[in-house]
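Hi,

Here is the structure I said I'd pass on.

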Amino acid sequence: MKRVLVLFAHPAIHKSKVNLHLIKALNSLEHVTVHNLYETYPDFYIDIKQEQELLTRHDIIIWQHPFYWYSAPAIIKEWLDLVLEHGFAYGHNGSALVGKTVLSVISTGGSRETYTKEGFNRYPITQYLLPFAQTAHLCDMTYLPPFVVHSSHLLTTEDIQNLSLSYRELVKALRDDLIPPESYKQLEYLNDYPLHLKT
Ligand SMILES: Cc1cc2nc3c(=O)[nH]c(=O)nc-3n(C[C@H](O)[C@H](O)[C@H](O)COP(=O)(O)O)c2cc1C
């Protein structure tokens with residue numbers, strides 16, 4: 001089994017409709033560590049050594065957060081800036097993350113249609129996520145297609161329950177190494193992976 005680290009960032013979890021349910025869906029999954037960044041570091045003083053140790057102990061890293069201003073909440077940027085140090089994550093002798101896998105799990109207010117050339121947001125989500133993809137690439141990690149929950153304010157309780165179940169199944173499948181690289185390379189979103197055929 002692979003070890004999965006979920007770096008969870010939501011600055012106002014009491015207001016969350018989507019992410020709270022998604023993260024709860026991972027409860028009690030073996031070999032899955034949920035790390036709540038805003039809860040651990042309310043003052044933003046990130047313990048760099050502890051974060052690096054956590055990274056080295058896991059094979060799959062998930063950045064889970066709501067999509068804010070076409071990017072991530074601030075603590076994710078702070079985490080990237082401080083934790084992915086030269087000599088650890090990249091550069092001379094910086095090989096701690098080589099071969100690991102990264103996945104972005106995000107929720108957006110905008111619908112999938114708005115994130116197209118003709119749509120209101122003009123560009124696909126994958127283009128907005130390029131800094132994350134390239135960061136992973138620089139550190140010699142594999143960046144998976146993202147898992148995206150769109151139209152957050154329109155989702156029913158049933159929609160959120162179904163999405164939470166899909167997320168749990170996806171994390172289990174990644175942990176159990178059931179998703180071969182050649183099968184997701186063409187996908188825009190990992191949501192589109194036919195999990196029910198595999199697990
Ligand atoms: C500060 C802020 C910025 C946001 N920026 C975007 C955005 O750029 N694109 C978008 O589609 N939704 C945006 N939203 C909507 C959130 O992505 C949406 O409310 C969130 O994903 C819902 O997840 P939650 O129920 O876990 O909070 C923004 C919301 C806030 C509060």
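Let's start with the ligand: how far is an oxygen atom of the ligand from an N or O atom in the side chain of histidine 10? The distance comes out at 2.7 Å. Keep in mind that this is a predicted model, so please read every number here as computed from it.

A polar backbone atom of lysine 17 sits 2.6 Å from an oxygen atom of the ligand, and for phenylalanine 67 a backbone N or O atom is 2.8 Å from a ligand oxygen. On its own the ligand would expose 640 Å², and the protein buries 72% of that.

Now zoom out a bit. There are 16 residues around the ligand, and the ones that come nearest are His10, Ser16, Lys17, Ser107 and Tyr115. Sorted by class, this shell has seven nonpolar residues, eight polar ones and one charged one. And where does the ligand sit? The space it takes up is the largest pocket.

In general, you can find where empty space is left by rolling a probe the size of a water molecule over the atoms. Searching the whole structure turns up one cavity of 30 Å³ or more, and the volume of the largest cavity is about 40 Å³.

Which residues line the largest cavity? They are Leu55, Ile61, Trp63, Trp79, Leu84, Leu97, Val102 and Met141. By class, that lining is made of eight nonpolar residues, with no polar and no charged ones.

How values were computed: Residues are numbered from 1 along each chain as its sequence is written. This is a predicted model: local features need pLDDT of at least 70, side-chain atom pairs count only at pLDDT 80 or more; totals for chains, interfaces and linings use all residues. Side-chain values use heavy atoms; hydrogens and water are left out. On a 1 Å grid over the protein atoms alone, a cavity is a set of points where a 1.4 Å probe fits but cannot get out, and a pocket is an open set with protein on both sides within 12 Å along at least five of seven lines; lining residues have an atom within 4 Å of a point. Grid points are joined across faces, edges and corners, and a volume is the space filled by probe spheres set on the points. Ala, Val, Leu, Ile, Met, Phe, Trp, Tyr, Cys and Pro count as nonpolar, Asp, Glu, Lys and Arg as charged, and the others, Gly among them, as polar. A residue is near a molecule or strand if one of its heavy atoms lies within 4 Å of it. A polar contact is a pair of N or O atoms within 3.5 Å; within protein, one must be able to donate a hydrogen and the other to accept it, and residues adjacent in sequence count only if both atoms are side-chain atoms. Accessible areas come from the Shrake-Rupley method with a 1.4 Å probe; for residues, only the protein chains shown count as cover. A molecule sits in a cavity or pocket if more than half of its atoms lie within 2 Å of its grid points.
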